[in-house]
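Here is a short report on a protein model. Read it with the structure open beside you.

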Amino acid sequence: MKRTMELLPQISFSILLALSLQPRHGYEIMQQVLEDSGGRIKLGPGALYGSIKQLRIAGLIEQVDGDAVFDRRRYYQLTDSGWKRLDQELQYFRVSLEISQNRKLSNLGEA
Amino acid sequence: MFAFVYRLALRAYPRSFRAEYEQEMLVAFDELLVGATGPGGRFWLCLRSLTEVVQWAPRERLEVLNATISATPGVLVWGSASSLSLLAPFVLAACYRLHMLADREPNPQWSALLVHAEPYYERLLPAVALVIIFFSTILFLRNATMKNGYRYFLGLGLIGSLAIVALV
């Protein structure tokens with residue numbers, strides 16, 4: 001029997017995607033999410049760190065050891081589970097995109 | 001000034017969350033402020049960030065509450081007592097209102113009911129409230145390292161009980 005997968009919330013997925021390039025600190029994550037979403041997702045510190053906490057608890061991201069004396073910012077990176085989860089999420093979106101193309105839904109907004 | 005307001009707003013988060021993320025959040029907010037253009041931009045940034053605090057801080061509070069409360073008999077008893085004591089002032093107010101109505105438009109049935117009920121809600125409820133206050137205070141004094149969940153319940157119980165005493 002196939003196990004069901006619960007999709008990540010949009011913000012959490014965007015954070016994972018932002019961290020897929022390199023380890024980043026909070027402000028960089030916010031900027032990357034803004035860029036990745038074409039300016040549609042404007043994260044503030046509240047939403048960002050609330051989600052970061054959840055992702056850390058789930059073991060999907062981890063803090064990177066840095067020089068905390070000189071830099072008050074902490075860097076985060078994806079864990080192995082984080083990479084796996086991101087891959088699963090992207091696979092879901094790939095399948096969804098394929099289905100939408102097969103059903104000729106790609107130009108739905110123009111109809 | 002915006003940073004000061006934001007720092008104050010972060011007090012809405014539970015202590016454990018602030019210990020872990022407050023500094024980072026302030027740094028990130030400062031960096032966003034630097035990037036915002038003009039006083040209008042800073043104002044909207046501040047407003048948006050405060051809205052996020054309103055949205056996310058209660059979640060964190062609830063999580064802390066859920067993590068610290070276990071369904072032991074003591075918690076269940078005190079939780080129920082606290083909830084009932086919070087409801088009691090409203091019940092009293094409703095009774096009082098009915099009493100006033102009954103006085104204005106005498107209705108033999110209502111009057112008879114209230115005459116019978118009056119001694120109970122006037123004596124029993126303050127007595128219950130005083131018992132709750134007594135035991136809550138003892139619990140507070142006995143257990144200085146009480147978990148947050150208990151504190152919430154006991155705090156609510158105390159407020160409710162004091163409200164009853166003040167009303168009656």
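## Where the two chains meet

Five salt bridges are counted between chain A and chain B. A salt bridge is a side-chain nitrogen of Lys or Arg within 4 Å of a carboxyl oxygen of Asp or Glu. B:E20 forms a salt bridge with A:R56, and the closest N and O atoms are 3.1 Å apart. On the side of chain A that touches chain B, α2 and α3 of chain A are the elements that give two or more residues. The largest share of that side, ten residues, comes from α3(A). Helices (H or I, at least four residues) and strands (E, at least two) are DSSP runs, numbered from the N terminus.

This is a predicted model: local features need pLDDT of at least 70, side-chain atom pairs count only at pLDDT 80 or more, and totals for chains, interfaces and linings use all residues. Residues are numbered from 1 along each chain as its sequence is written, chains are lettered from A and ligands numbered from 1 in the order in which they are written, and side-chain values use heavy atoms, with hydrogens and water left out.

Here are two values for the interface.

| Item | Value |
|---|---|
| Area buried between chain A and chain B | about 1900 Å² |
| Part of that area on carbon and sulfur atoms | 53% |

Buried area is the accessible area (1.4 Å probe) that two parts lose on being put together, summed over both. In this interface, 22 residues of chain A are in contact with 19 residues of chain B. Contact means heavy atoms within 4.5 Å.

## The core

The largest nonpolar core has 39 residues. Such a core is a set of buried Ala, Val, Leu, Ile, Met, Phe, Trp, Tyr and Cys residues joined through side-chain atoms within 4.5 Å. Buried means under 20% relative accessible area, exposed over 50%, partly exposed in between (1.4 Å probe, protein chains only). The largest share of this core, eight residues, comes from α2(B). A:I29 and A:Y49 have the most contacts inside the core. Leaving aside residues up to four places away in sequence, A:I29 touches A:I15, A:A18, A:L19, A:R24, A:L48, A:I52 and A:Y76.

## One helix and one residue

The buried residues of α4(A) are A:G82, A:R85, A:L86, A:E89 and A:S100. They pack against α1 and β3 of chain A. After α4(A) comes A:K104, with a positive phi near 55°.

B:Q23 lies in helix α2 of chain B. Is B:Q23 buried or partly exposed? B:Q23 counts as partly exposed because its relative accessibility is 38%.
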